[in-house]
Structure formats: structure tokens, C-alpha cells
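Please read it alongside the sequence and the structure.

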Amino acid sequence: MSTNPKGQRRKYHISQRASQISPSGIRRFFDLLASVEGVISLGVGEPDFATPWHISEAAIESLEKGYTMYTSNLGMPELRQELSRYLRNNYNLEYDTDGELLITVGVSEALDLAMRAILDPGDEVIIPDPCYVSYNPCVVLAGGTPIMVPTNEQNNFEIGAADIEARITSRTKAILIGYPANPTGAVMSRDKLSEVAEVARRHRLLVVSDEIYAKLVYGVEHTCVATLPGMKENTILLGGFSKAYAMTGWRIGYVAAPKEIIAAMTKIHQYTMMCAPTMGQVAAIEALKSGEDSATEMVKDYNRRRMVMVKGLCDIGLSCFEPKGAFYAFPSIKCTGMTSEEFAERLLTEQKVAVVPGSAFGEYGEGYVRCCYATSLADIEEALTRMKRFVDKHQKGGLT
Amino acid sequence: MLKEILKILQSDARITTKQISTITGTPSAEVTKLIKQAEKDRIILKYKAIVNWDKVEDEQVWALIEVKLTPQKDVGFDSIAERIYRFPQTRTVYLISGSYDLFVLAVGKTNHEVADFVSQKLSHIEGVQGTVTQFVLKRYKEDGEIIEEKEGVKRQPVTL
């Protein structure tokens with residue numbers, strides 16, 4: 001018997017490392033969600049499209065042919081070749097298929113590997129706040145210390161180079177960013193990203209860049225960090241197929257990075273994961289070979305819904321920064337005087353609409369909620385109608 | 001912009017002008033103008049629902065009819081086709097390449113009604129050399145819509 005931090009007795013010993021990371025703060029909210037019927041959920045984090053059929057079909061065919069064994073630790077050679085071609089065509093980046101690319105189980109694994117490969121105990125990683133929920137825990141699990149940099153609506157939720165530089169110490173090893181961003185929908189402009197890159201170069205820091213939403217941008221261009229001058233050798237580029245090709249359940253991601261780093265990551269990967277799922281890798285090959293049209297169509301569709309969501313939120317009095325990427329809107333709920341958790345909980349019980357409290361994504365997400373618009377137009381409009389009723393009822397007088 | 005509006009309408013004809021305006025970032029008045037013009041130009045022919053009649057007791061018989069024509073002097077295929085497509089029993093009429101000339105989709109209440117249409121009307125039209133009628137047994141997909149969609153994809157209600 002031992003005790004947990006709250007002093008309660010518990011039966012099993014749980015490592016300090018695992019105890020150190022907090023479970024998602026909104027667990028209670030999830031349980032509540034499951035108990036309410038007729039909910040429209042804007043709380044999802046994945047496409048509402050099924051995987052394009054030609055991609056699924058390629059995987060089915062591979063099963064019929066018996067492609068059911070392990071692949072190379074690095075991933076299937078054909079997939080690495082297609083990926084290399086993709087990075088060349090899209091970013092004019094040359095990555096060696098033998099040693100500079102690694103296929104992973106989603107970006108999630110890639111991120112974990114990256115942190116474990118580059119951090120020693122006490123090393124610091126600079127991360128924007130708010131950010132995707134797993135950045136912070138992945139750093140902690142690898143023994144590192146996350147150093148959060150506040151970002152806000154006024155600077156478009158872009159991380160500022162000066163804010164990064166002010167936090168650099170002798171222990172700083174990397175800057176971990178994810179743009180287009182979950183939860184804010186923010187996209188880093190080329191100029192702002194160049195400033196960040198400049199700081200990274202000057203201080204010899206790695207930039208770990210989660211670019212899973214790279215293809216989901218609207219009216220702006222996504223800049224890949226590795227394409228900036230001198231940055232290819234300082235970047236661990238993480239990407240995947242989940243969002244652009246509606247392949248979340250296939251669990252295929254990748255890393256493109258300098259040889260030494262890929263070698264370190266591959267060691268961990270081969271002992272903990274062996275290889276990414278074979279069927280998923282076959283699907284990913286098909287996605288890269290001929291999924292471009294499907295991806296483009298989906299992006300067009302998200303954009304239509306984005307327009308409706310953003311205008312709708314603004315119309316009901318929840319001011320909303322214009323998200324130029326991913327599929328989330330991140331409206332401010334400050335006019336209600338509620339915390340984001342309280343807002344989400346009461347919106348769910350009173351109007352049966354699920355949104356994710358911004359506080360789940362960090363201290364600076366407080367005052368906002370994440371609304372995913374990868375759902376049908378009809379549901380978006382119904383959700384907005386219900387949210388209007390909620391906001392009208394709870395808006396604090398004189399603050400609008 | 002018209003193409004974008006047409007694509008939106010083709011996937012959902014009941015969408016409102018206001019919604020199209022929001023989606024495309026085009027003023028409502030402009031959207032209305034473009035749609036009105038497209039209707040006038042017969043770019044938009046009609047707004048209809050895709051119905052799964054099998055779910056309603058009102059049964060329908062569908063027949064795909066291959067029609068072979070005899071080319072006639074001074075009368076093109078168009079005028080023979082017109083004599084055929086004027087019949088309300090025909091739902092779709094295409095001129096096609098291959099071993100026959102017209103593809104006709106005819107719909108009736110009973111097999112008998114469709115058979116009567118073919119034997120009494122269609123085959124007597126001057127220029128019609130022969131017909132092959134195939135009755136539809138089951139419809140799987142209609143105008144891009146899968147008729148009996150299996151249980152939809154289930155997403156987790158919340159993911160971070």
C-alpha cells in the first residue's frame with residue numbers, strides 16, 4: 001500500500017512519472033456527456049468523412065493478398081519513397097528514404113519518440129499555450145520540463161520569437177509547436193515563423209513541428225518550418241495522414257528529421273512499437289499516390305462549414321478570432337462571465353451542445369471554448385441556434 | 001462563383017440563399033441574381049428530392065430499354081428521340097455509342113404498364129427498329145446516393 005498525492009491509500013504502486021502527469025481535467029465532463037441524450041457534439045477532433053473509398057479499397061486488397069506481416073521498422077520502403085516524393089513536390093525538401101524518414105503510429109507516437117530521443121532529465125522544451133493536449137505530458141514523460149509561452153487572440157495565437165527567447169536557458173533543448181493549431185485554428189505566418197526559426201538557429205535549438213493539419217488551411221499558405229533557410233537540419237518534422245485524408249483510425253504518421261535523430265527515434269520505435277500497422281501503411285501509400293483530389297474536396301467542404309461556424313459564433317455574440325487552419329473555431333466566452341469549463345458544462349446540460357473548454361489546452365485557453373466544425377451544416381446551425389439561446393440567457397449585462 | 005454555387009446546390013438543393021451567401025462570402029443579392037439567371041438559362045433545370053420508393057408502399061417498376069433505331073433520310077436521331085422522350089413514362093433518354101442507339105429508362109406502376117408502353121407505343125414509332133427491355137430488380141445507388149446505407153460511421157463524441 002502506498003498513498004497518492006492526495007494522501008489517499010492505494011493498492012498499487014504507480015510510478016512517479018505516471019503520477020506526475022494529470023489526467024485530462026475534463027474527464028467529469030466526458031462522463032456527463034455520455035449521460036445526456038440528443039447532444040450535438042462540436043467536441044470532436046477528427047473529420048466526419050469516412051476514409052476515401054479508393055484508400056480503404058487498397059488496404060482491403062492488401063489484406064486479400066496477405067500483407068499481414070510486420071514491415072521494416074522504418075516503414076514500408078514504398079511508403080517512404082512516396083513520402084519523400086511528397087515532401088519534395090510540396091516543400092522542395094529532400095529527405096533520404098533510407099535514414100531521414102520514419103513511419104510511426106500517428107503523430108502521437110512520433111511526438112513521444114522525438115521527446116524521448118532528444119531530452120535528458122531536466123531539459124526544457126518551449127511550447128505555446130494553449131496547445132494540443134499531449135505536448136506537455138509527452139515532454140514530462142520523457143523527463144523534460146515544459147516551458148509554456150502564452151499566446152493570445154490579439155497576436156492571432158502565434159507564438160512570438162521574443163517570448164521564446166526570453167524563456168531560453170542553458171537547459172532549453174527544443175521549441176515544440178503545432179501550426180495549423182489545435183485548438184485555436186491559428187496558422188503561423190511565414191514572417192512570424194521565420195522569426196522563431198531565427199531564434200532557434202541562434203540558440204541552436206531544435207524545432208519539433210507538428211504539422212498534422214498542414215493541408216487544412218483556408219485562403220493562406222502553410223509554411224513548413226523545415227523549408228526556412230538553414231532549418232532542415234534543425235527541424236524534427238512530424239506529419240500524418242489522419243486529418244487531411246480522413247484516416248484517424250488507421251494510425252499512420254511520420255517523422256522527417258536529420259539522420260542522427262531518426263536513428264535514435266528508430267531505436268525506441270523498434271523496441272516499443274516494432275512498426276506502424278501494415279494495413280495502414282498500404283492505405284497511406286494509396287493516399288499519397290492518388291488521394292490529392294479527395295483531400296482537396298474535403299478542404300473545400302470544411303471551408304464552407306468554417307464560414308458558417310465563424311459567422312454564426314460572431315452573430316450570437318461570441319467573438320471569434322478567424323481560424324485559418326485545422327477545423328476548429330476558438331470563440332471567446334468571456335461575455336458570459338463563466339469559466340470555460342463551467343460554460344461547457346452548462347451548455348451541455350442546458351442546451352445539449354458539447355464543446356471543449358479551452359482550459360483543457362492550457363492556462364491561456366481559459367475564457368475560450370473549442371468548437372469543431374467538421375460536422376454537418378445542419379448540426380452546426382442547430383448547435384448555433386442552441387448556443388444563441390444559451391448566450392442570450394447568460395450574457396452579462398453591459399459587457400457586449 | 002456560379003460553379004461553386006451550383007456545386008453547393010447539387011449537394012443540397014434546400015440550402016437557403018443566406019447560407020450560400022455565408023459559405024461563399026458572396027452578398028445574398030448576388031447569390032439570388034446568379035441563381036435566377038441560371039434558372040432562366042436552364043443551367044438549373046429543377047430542384048428535386050431523391051426518393052427511396054421501396055420504403056413507401058407505392059411500388060414502382062423500372063425498366064432499362066435499349067432501343068435500336070433505323071437511320072432515316074432527312075430525319076436525325078434527335079427527332080426520333082423527341083417522339084420517345086415526350087412520353088411521360090420515360091424518365092431518362094440518352095443517345096449512346098455501342099450496339100444500340102438510345103438508352104431509355106421507363107417507369108411504371110406495374111410490369112404490365114411498362115410492357116404496354118414498350119409494345120404499344122415505343123416499338124411502333126417510325127424509325128424504331130427493335131427494343132430490348134430489362135427490368136430493374138434492385139436499386140443500390142441513385143444519383144450518387146447509396147440507397148440503403150449501412151449503419152453510419154460512429155465518432156467518439158469528444159476527442160482532444
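## A loop residue of chain A

Leu93(A) is found in the loop that runs between α4 (77-91) and β4 (101-104) of chain A, where helices (H or I, at least four residues) and strands (E, at least two) are DSSP runs numbered from the N terminus. This is a predicted model, in which local features need pLDDT of at least 70 and side-chain atom pairs count only at pLDDT 80 or more, whereas totals for chains, interfaces and linings use all residues. Residues are numbered from 1 along each chain as its sequence is written, while chains are lettered from A and ligands numbered from 1 in the order in which they are written.

Leu93(A) counts as partly exposed because it has 19 C-beta neighbours inside 10 Å; a residue is buried if 20 or more other C-beta atoms lie within 10 Å of its own, exposed if 12 or fewer, and partly exposed in between, with C-beta atoms placed from the backbone. Leaving aside residues up to four places away in sequence, Leu93(A) touches Leu87(A), Arg88(A), Ala226(A), Thr227(A) and Lys232(A), contact being defined by C-beta atoms, placed from the backbone, that lie within 7 Å. Lys232(A) is 139 residues from Leu93(A) along the chain, and their C-alpha atoms are separated by 8.1 Å.

## Chain A as a whole

The secondary structure of chain A comes to 13 helices and 14 strands. The radius of gyration of chain A is 21 Å, close to the 21 Å that the globule rule gives for 400 residues, so chain A is as compact as a globular protein of that length; the radius is taken over C-alpha atoms, and the rule is 2.2 Å times the number of residues to the power 0.38. Along its principal axes the C-alpha trace of chain A spans about 60 × 50 × 50 Å, and buried residues make up 50% of the 400 residues. Among contacts in chain A between residues at least 6 apart in sequence, 74% join residues at least 24 apart.

## Domains of chain A

Chain A is divided into domain 1 (18-47 + 294-393) and domain 2 (54-289), with bounds that come from an automatic or database domain assignment. The C-alpha centres of these domains of chain A lie 26 Å apart, and their contact takes 32 residues from domain 1 and 36 residues from domain 2. On the side of domain 1 of chain A that touches domain 2, the elements giving two or more residues are α11 (292-315) and β11 (328-329) of chain A, and α11(A) gives the most, with seven residues.

## Contact between the chains

The contact of the two chains takes 19 residues from chain A and ten residues from chain B. On the side of chain A that touches chain B, α2 (27-35) and α11 of chain A are the elements that give two or more residues, with α11(A) giving the most, four residues.

## Chain B

Chain B is divided into domain 1 (2-40) and domain 2 (58-137), and 36 Å separate the centres of these domains, taken over C-alpha atoms.

Leu2(B), Ile5(B) and Leu6(B) in α1(B) meet Val31(B), Leu34(B), Ile35(B) and Ala38(B) in α3(B).
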